[in-house]
Amino acid sequence: MRTATRAILATTVAMLALPASAETLRWASAGDALTLDPHSQNEGQTHTIRHQMYDALIIRDVTGAFEPSLATDWGPKADDPNVWVFNLRQGVKFHNGNDFTAEDVVFSYNRAKTPTSDMKELINSVVEVRAVDDYTVEMVTDGPNPILPANLTDLFIMDKDWTEENNTVKVQDFEGGEITYATTNVNGTGAYKLVSREPDVKTVMVRNDDYWGRDQFPMAYSDIVHTPIQNAATRVAALLSGEINFLQDVPVQDLERVSSADGLVVKTAPQNRVIFFGMNQGADDLEADNVDGKNPLADVRVRRAMSMAINRDAIKQVVMRGQSQPAGMIAPPFVNGWTAAMDGESKTDLAAAKALMAEAGYGDGFSIRLDCPNDRYINDEGICQAAVGMLGQIGITVNLDAIPKAQHFPKITEGKTDFYMLGWGVPTYDSEYIFNFLVHGREDSIGTWNGTGFDNDELDAKIKSLASNTNLEQRNADIADIWRVVQDEQLYIPIHHQVLNWAMGDNVGIEVDPENQPMIKHATVN
Amino acid sequence: MSDAQMTTRAKDKSRWERFRESDFFYAFKRSPIALVSFTVVCILVLSAVFAPLIAPTNPFDPASLNLMNGFTAPMEPNAFTQETFLMGTDDQGRDVFSTILYGMRISLFVGVSAVLFAMVLGIILGLIAGYFGGWAETIIMRFADVQLTFPSILVAMLIFGIAKGFTPVEYRDQMAIWVLILAIGLSDWVQFARVVRGATLVEKSKDYVAAARLIGRSPWAIMIKHILPNALSPVLVIATISLALAIIAEATLSFLGVGAPPTQPSLGTLIRIGQGFLFSGEWWILFFPACTLLALALSVNLLGDWLRDALNPRLR
């Protein structure tokens, strides 16, 4: 009996102490990928999980610079400014052994342009994608597009044959509740292969030893187990107990506790994401307020007063525990078009705010509902609650409705909110991306996240002209002009730029990425 | 006239005296548990009722909050504002002591109203089932049996979810408390109905009921005037124990984030807020509300237990 126990124990120990190369990254974050279909749902955490298994033509490294991936080099065609040429990497295989060729790129980009795709805004300037030979692709745009490569870093390449064989060519209709083969199965060219996937429970991946970059990247982890843990305290407990060894979303209140724990390190870097409030200035009368027959938010003085009432330093000190950077514009400092001067334009001044309210005829204030997510941004509900108190000081009674992101975001895109919180990251590192989504008047394929009702035709024309403006100096001057209007209109109330905190075991070598998208193939074991 | 007054007064006095000389009061005086829990309940209820007079600040007025006071430790001056708070402050700079007093008002109000609601509903349905029998009894009691197979907190969440869906968003904050009462009350009526039905079945075959029926009193009068008073003492016991459970149910719902709105925290909401700051060392946000909830629920429960023993001679 005792010998048997000992034998079992010995086997168990032997199994635990497999060769040193078998390292498992036990990774947790607050949320899970919404789907694995590469062209459904343009959402940060969803892209993060995809990046481990799928490759794009180009990706960004931790400094934000381009890194060749499936494309080895690229550039505008010498004799035609409307065409970009991409030279593809040779000898790359998909997880199922199929060869990667130009056909797959053409197929994937065409798939990303179909109506149910959530990536179509990123390549709406692309009119045609054509394969010149097996390893050369040309993309034709509807005018010269100098920043096209920046839009391609989250556009993943699927295997044409696999997708057709498994009858999953149509992009999953996520809002319609559709589930397809590609939602839970992956055949990419990426550094890791999918082993199993249980949405909102666990995603298991194993290293792809036939990866084209096997010698180029450390790829120190043989296995990845990703677990979403929504509750902040549970997340920290899992890290402290050693159940996980890499945590993407450390709650700001627990940073000290985690970094002082033995064997754990916290790495911090500014994130490419700004948090702000939007106000519906376009409606004649608001649904969510107590003022009949007119819209208090239509008055720029009211919007400015509201911005002045927000004490961003107090939010930074108390709600964010120093882990944020107060913002004066809705562009993160990474973005072309950001200026320190404009980012410093938010001033807290209660007396001036009250004076502006009185001037606008709302000296006695009004009441309005604030819609806020409670599981998306760092301490989102805490920020909204703090804003309730601060706006109360200039007479605005705010009713807070804090709900999960899955219900909050449709309110903005469907125009069902008058006062809301939103955060915006800029994967293209250019202001055009912000203008396209948040400033341009709302139309079918542009301005889709602009819930302010702001619609200025002259400005819209200027925004549209940015895409094909090859004179970078003139383009930057136009961007500055557009920002000036956004600032003077007080289109949004900027709050702060988020700061990222990743915690990991001290033997885990992962560098913080401003997009909040760790690429595990870069990770080392120390 | 004065004779009548005299008799009334004499009767009142004798009733008070009779109460003081009763077994009930004697047992109460001799039970330390009853005395202590009664005192604790009194102190908590009074401090909740007089919260606006006792509390140093009004935590439900967002405009009066200063965010910079956030996370102040108990009895230590805040690093920025130098203000000191008896039990510290929470993440929004609310004084925890004041918030507990105001939050307890919500907890008690929801608890008492929900129990009253459940009691009235349960008594009416129990009387009907017991007195009339037949299909009315079958429908009511089978419905009760089905509801008993679900945990009551689940039923409460279900009702809360449905009711919230029907409330316009503008009124959600104001309505949240009433929806809570409805949800907890509806999840709790079964016990009352079963006890009242049982007692009614026993009483209705007794001679005094037959006599009342013979002289032609209406069924409702018989039920309410004759049967109900004789079925009341178990109802009282259940009501007391249900009160403790209702207070905890409210705290649970609020802890899960589906109860009282975050801008008007009840004890459960406060515990939910504090729960997020346990690892970071801000223990007081959770500790004091949790202790208050414990003291409140425990003393109401002990009082209920004692009441059950005292009112049921067979248990002695």
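**View 1. Crossing of helices α11 and α12 in chain B of the predicted model.** α11(B) passes α12(B) in a right-handed crossing, where right-handed means that the near helix is turned clockwise from the far one by less than a right angle, and left-handed anticlockwise. The axes of α11 (residues 219–255) and α12 (residues 267–275) of chain B come within 7 Å and cross at roughly 40°. Therefore α11(B) is oblique to α12(B); angles under 35 degrees count as roughly parallel, over 145 as roughly antiparallel, 65 to 115 as roughly perpendicular and the rest as oblique. Axes are lines fitted to C-alpha atoms over the stretch in contact, with angles from 0 to 180 degrees between N-to-C directions. Helices (H or I, at least four residues) and strands (E, at least two) are DSSP runs numbered from the N terminus. On α11(B), the residues making the contact are B:E250, B:A251, B:T252, B:L253, B:S254 and B:F255, and on α12(B) they are B:L267, B:G268, B:T269, B:I271 and B:R272. Two residues are in contact if their C-beta atoms, placed from the backbone, lie within 7 Å.

This is a predicted model, in which local features need pLDDT of at least 70 and side-chain atom pairs count only at pLDDT 80 or more, while totals for chains, interfaces and linings use all residues. Residues are numbered from 1 along each chain as its sequence is written, and chains are lettered from A and ligands numbered from 1 in the order in which they are written.

**View 2. The largest nonpolar core.** This core has 79 residues, and B:L180, B:I184, B:F192 and B:A193 have the most contacts inside it. Helix α5 (residues 96–132) of chain B gives the most to this core, with 19 residues. A nonpolar core is a set of buried Ala, Val, Leu, Ile, Met, Phe, Trp, Tyr and Cys residues joined through C-beta atoms within 7 Å. A residue is buried if 20 or more other C-beta atoms lie within 10 Å of its own, exposed if 12 or fewer, and partly exposed in between. Leaving aside residues up to four places away in sequence, B:I184 touches B:V110, B:A114, B:A156, B:A246, B:A249 and B:E250.

**View 3. The contact of chain A with chain B.** Chain A contributes 28 residues and chain B 21 residues. On the side of chain A, α12(A) gives the most, with seven residues.

**View 4. A:N167, a residue with positive phi.** Phi of A:N167 is near 60°. A:N167 lies in the loop between α4 (160–165) and α5 (181–184) of chain A and is exposed, with 10 other C-beta atoms within 10 Å.
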